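Reader: I have a structure to go through and I'm new to this. Can we take it piece by piece?
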Amino acid sequence: MDTLARTLGARIRTVRKKRGITSNHLADLCEVGAVHIRKIESGKKLPSIPRLIMICNALETSPQYLLQDSLDFSGSDAQLRLLDKIQALPPSQMELAESLIDTMLMQLA
């Protein structure tokens with residue numbers, strides 16, 4: 001399978017594990033079989049766009065984050081590193097990070 005499928009699958013698996021979600025639970029949330037999710041994560045299958053959206057919603061992440069290795073992005077490396085760090089946070093810590101960034105930006109203004 002091509003590089004896109006492998007890198008997308010690996011990123012989905014990484015986010016799923018960081019969120020503490022099993023492949024069986026992700027499959028239930030996405031209304032597919034666990035084998036289907038495992039094929040996506042191993043890079044043997046690409047998800048359809050509707051299925052990718054379901055995966056993003058279930059993992060509370062963005063398509064941009066999952067596809068960042070395959071997209072041409074005009075942002076800087078620093079922006080990508082920051083996005084990577086934020087996307088890896090659990091939802092409760094993400095809210096704290098947002099609050100800290102808002103406070104920091106107010107101080108800089």
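Reader: Where is Glu-60?
Author: Glu-60 is in the loop between H4 and H5. Helices here are DSSP runs of H or I with at least four residues, strands are runs of E with at least two, and both are numbered from the N terminus.

Reader: Before I go on, what kind of model is this?
Author: This is a predicted model: local features need pLDDT of at least 70, side-chain atom pairs count only at pLDDT 80 or more, and totals for chains, interfaces and linings use all residues. Residues are numbered from 1 along each chain as its sequence is written, and side-chain values use heavy atoms, with hydrogens and water left out.

Reader: Back to Glu-60. What is its phi near?
Author: Phi of Glu-60 is near 55 degrees, which is a positive value in a residue other than glycine. Glu-60 is partly exposed, at 48% relative accessibility. Buried means under 20% relative accessible area, exposed means over 50%, and partly exposed is in between (1.4 Å probe, protein chains only).

Reader: And Glu-31, which also has a positive phi?
Author: The phi of Glu-31 is about 60 degrees, and Glu-31 is not a glycine. Glu-31 sits in the loop between H2 and H3. Its relative accessibility is 62%, so Glu-31 counts as exposed.

Reader: What about Thr-61, buried or exposed?
Author: Thr-61 counts as buried because its relative accessibility is 10%. It lies in the loop between H4 and H5. Leaving aside neighbours within four places in sequence, Thr-61 is in contact with Val-15, Cys-56, Leu-66 and Gln-87. Contact means heavy atoms within 4.5 Å.

Reader: Zooming out, how many helices and strands does the protein have?
Author: The protein has seven helices and zero strands. The C-alpha trace spans about 50 × 30 × 20 Å along its principal axes. There are 109 residues, and 30% of them count as buried.

Reader: Which residues have the most contacts inside the largest nonpolar core?
Author: Ile-12, Leu-26, Ile-55, Leu-59 and Leu-66 do, in a core of 19 residues. Helices H1 (3-18), H2 (23-29), H3 (34-41), H4 (49-59) and H5 (63-67) each supply at least two residues of this core. The largest share, five residues, comes from H4. A nonpolar core is a set of buried Ala, Val, Leu, Ile, Met, Phe, Trp, Tyr and Cys residues joined through side-chain atoms within 4.5 Å.

Reader: Why would those side chains gather?
Author: In soluble globular proteins, nonpolar side chains tend to be buried together.

Reader: What does Leu-26 touch?
Author: Leaving aside neighbours within four places in sequence, Leu-26 is in contact with Ile-12, Arg-16, Ile-21, Ile-37, Glu-41, Ala-58 and Leu-59.

Reader: Arg-16 and Glu-41 are charged. How far apart are their closest N and O atoms?
Author: They are 2.6 Å apart, and the two residues form a salt bridge. That term means a side-chain nitrogen of Lys or Arg within 4 Å of a carboxyl oxygen of Asp or Glu. The pair links distant parts of the chain, with Arg-16 in helix H1 and Glu-41 in helix H3, 25 residues apart. Arg-16 is buried, with a relative accessible area of 8%, and Glu-41 is buried at 5%.

Reader: How many salt bridges does that rule give?
Author: The count comes to one.

Reader: Last one: where is Met-94?
Author: Met-94 is in helix H7, residues 91-108. Met-94 is partly exposed, with a relative accessible area of 22%. Met-94 and Met-106 are twelve residues apart in sequence and 18 Å apart in space, C-alpha to C-alpha.
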